[in-house]
Amino acid sequence: MILLPSAGDCVILERLIFQEAYIVDLFDQLMHSDQTTSPAAASDRADRPSVRMDPRQLLEGLNPQQRQAVEHDQGPLLILAGAGSGKTRVITHRIAWLITVRNVRPQAILAITFTNKAAAEMKHRIEELIGSVTRSMWVGTFHAMMMRILRRFADRLGFERNFAILDTDDQMKVVKACLKELKIDEKAFNARAVHSQISSAKNSLIDVEAFISQAGSDYRQSRVAQVYQAYQEKLRQSNSMDFDDILFEAVRLLRENDDILTEYQSRFQYILVDEYQDTNHAQYQLVHMLSAGHGNLCVVGDDDQSIYSFRGANIQNILDFEKDFKRCKVIKLEQNYRSTKTILGAANQVIRENTGRKEKALWTDHGHGEQITFLRAENHSEESRYIATEIQRLVKNGQHYGDMAILYRVNALSRNLEAALREQGVLYRIFGGTRFYDRREVKDVLAYLRLVLSPRDEIAFSRVINVPRRGLGDVTIAHVQDLAEREQVSSLEICEQADRYDVLQRMAPRLLGFAAQIQGMRDLLTRDDLTFAAFLDQVEQDSGLLQEIIDQQERSKDDAVDRIENMKELISDALEFEQNLRQLQSLPEAELQPEDEDLHQIDDLTGILRAYLERAALYADMDQDKENQDYVRLMTIHSAKGLEFQTVFLVGTEEGLFPGFRARDSEAEMEEERRLGYVAITRAKQKLYITTARSRLVFGQTMAMPVAHFIQGIDDQYIEEIGGSRRPDYQQAPHGAFQAFDSGTAGAACPAGSAPSRDAAGRHVFPGSAIRPHQTPVQPLPDIDPADYRPGVRVRHEKFGSGKIVSALPVAGDAILQIEFQSSGKKRMMARMAKLEILD
DNA sequence: CCTATGATGAACATC
DNA sequence: TCATCATAGG
């Protein structure tokens, strides 16, 4: 390793810090699936800029305000960066400046971004400037950064280091369980609403006690307080945190432990926070605490782009920054480098209606460009068809799919568009929607993994205890959980001892079988002689999850094939994850003993599993967008934040949809919708389309949709209207006309039949392998060629003897076979798993 | 204890 | 429209 002793720094100290920073970065690279580290880049390591550039270059091409921001030295700094004002440029150059000019060690910099993607982008751009320094920097989201600290000090908070992270789905289930336990009527107390109250309480750092006292004698509130209390208790017993806890507990950790706070305060000499307008109170507090000593806090944001209040974001954080940090410097970036005057003008008109914003005058020296095209279509199919044909027209004129994006308020709108785009042969890709790790079958597998890793994970337990069906019903499960509570042990332990309890007598064999299954998997884990992918493969099989889907394939096959593919995909994902890890570990530095024990343990299967589960929870954006890919991008406005496109189609800008119906009676929410509109409009560089439909299917009903109010306010000079005025039109097309139109395309849009036929497969009895833990080392499954398994081919199975393949369906390098055995009739199995001998 | 059925209610964005 | 939930019947 190369050590560059810097003035005044104790070499040993530097060594330690460097080591941890290095390992921390390994972690980071692992988490970002897009960061498939090239060996070349990886070995080009240095904790100092490898290319020492002339610092003056860092200021080149910057306007005076940008320069000022980059060169700012000590003390708090607020950069108000309007849309398209070169914000990222300023941040990255500032970091480069700090390192090269101010001689700040990279590991003394903490840079917080809003998304993982933004973090990757920031690192990339810094490296372009000064080489691979980012590997020892902490760059990431609040959640990811705090997780590092929390893992390390989990014990101080009373958690085990392998605590689980609950996603929204899990959280909901826990809330429901609490409601049930407290005998609260779910109709009077909507679980969703209660959960959101708990969530915002945590984001505001209101703990259970404070919530209770705040509720006072208010019946409703004190009931919610009870749920909050029960909820926290359950999480604690399950050794789990939810998303909000990650921040909440981090604050608590730093508040209650002076030594830890001091350590991180002195480590992070410079703190930068991007998208500061979207921080919540907990995040505010974290930043505050960490920067308390030196006050070298630089926040960047735009109050007009605050669009995450649903997540607890508090726009006051940015509005009050000057009050909170007295001697702070404020720099406004008001020159827009992105859009035409027309687009900017329209955007300004939309946002100007908001009150209580920081006055900014965004300007550009670009030309006026084309007018904004406003479309008033009859219905959603016409709207989508217009967009599709327009895209094709633009492409004929030399534009690229990759320069265009279609933005919408709600994911559901992508459906209609998809049909039309496909029809017209437009290349496109949809972002967002159900994420890979959120798919049911994937979550089931992950729940097994969680339970294997952390036996106390009650939430994972209840998810998988009867999945696949083991003939264990609500009553039995309730008994198990009651006993667990009474005896203060985990439900899994009750299962292990099921034969000791009278109430469980009847179901004891099944419970024991389940416990043995988990134990078997845990043995595999601790024995540590499998690759991670092989381990996951084994879990998918031993759990019976895979077999269950195969059985189901009998009837409803469309769905089943997808699900099997997802399970296979999960294995490849695990493989990739592991390979990345190995590659990183093969670097020379990895031989060092990291001071951080947690990261050290990433060496064995258990460590990999823990890291993998964390990634699944925190870094769920699996399908990363590759730049320069030539397809139209479809996404929500929220996920488009920070991006820009030559041409933008903003669809469904209708009252009730965008702005959503909930914003109706709340001026605050209305303002957020306007900000959202502002964000959408400012994504466009050259050309903007705003489209609406006079009628649209909402909740399966055709509804008349008025044009969004904030669009009506845009001046005529900026807009060219097609299909009608954006101002209220009294002329409605006859209903019947588009009724017929709808039924024509609706069928094509959703080809799946209305009633997904459920199959009546008999319940799954646990396989023999489950009861007997594995005695012999597990053989990795053989690679097979799916093409070998064709209908008519005769095969031999070690248990069922010889048989003939009736049908074969290739799936992800494997095949689902139906085999007619001479002795035991028809069976369904996966080719690879069955270990068949081909007889012909 | 499982499954099918029909009712019911939900739908906004993300770490 | 789609998914989840409660209920009834096997």
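Helices (H or I, at least four residues) and strands (E, at least two) are DSSP runs, numbered from the N terminus, and the expected span of a helix is 1.5 Å times one less than its number of residues. The views below show a predicted model, in which local features need pLDDT of at least 70 and side-chain atom pairs count only at pLDDT 80 or more, while totals for chains, interfaces and linings use all residues. Residues are numbered from 1 along each chain as its sequence is written, chains are lettered from A and ligands numbered from 1 in the order in which they are written, and side-chain values use heavy atoms, with hydrogens and water left out.

View 1. Helix α21, residues 474-487, has 14 residues and reaches 20 Å from its first C-alpha to its last, close to the 20 Å expected at 1.5 Å a residue. Its buried residues (buried meaning under 20% relative accessible area, exposed over 50% and partly exposed in between, with a 1.4 Å probe and protein chains only) are Thr476, Ile477, Val480, Leu483 and Ala484. These residues cover an arc of only 125° around the axis, which puts them on the same side of α21; the arc is that of the directions from the helix axis to the C-beta atoms. An α-helix has 3.6 residues a turn, so residues three or four places apart point the same way. On the other side of α21, Asp474, Val475 and Arg486 are exposed. The buried residues pack against α20 (458-464), α22 (491-496) and α23 (508-527), where contact means heavy atoms within 4.5 Å. Just after the helix, Gln488 takes a positive phi of about 55°.

**View 2. Strand β7 between its pairing partners.** All five of the five residues of β7 (residues 297-301) are buried, with Leu297, Val299 and Gly301 pointing one way and Cys298 and Val300 the other. Strand β1 (residues 77-81) pairs with β7 in the parallel sense over four bridges, two strands being paired if DSSP finds at least two bridges between them. Within this pairing, Leu80 has Gly301 of β7 as its bridge partner. Strand β6 (residues 270-273) also pairs with β7 in the parallel sense, over three bridges, and Ile271 stands opposite Leu297.

View 3. In α3 (residues 64-71), the residues Gln66, Ala69 and Val70 are buried. They cover an arc of only 100° around the axis, which puts them on the same side of α3, and the buried residues of this helix pack against β1, α4 (87-100) and β8 (329-333).

**View 4. Glu673 in helix α30.** Glu673 lies in α30, which spans residues 667-681, and counts as buried because its relative accessibility is 7%. Leaving aside neighbours within four places in sequence, Glu673 is in contact with Arg409, Phe658, Pro659, Gly660 and Ala663.

**View 5. The surroundings of DNA strand B.** DNA strand B is surrounded by 33 residues, of which the closest are Arg311, Arg409, Gly471, Thr476 and Arg662; a residue is near a strand if one of its heavy atoms lies within 4 Å of it. Of the atoms of DNA strand B within 4 Å of the protein, 57% belong to sugar or phosphate and the rest to bases.
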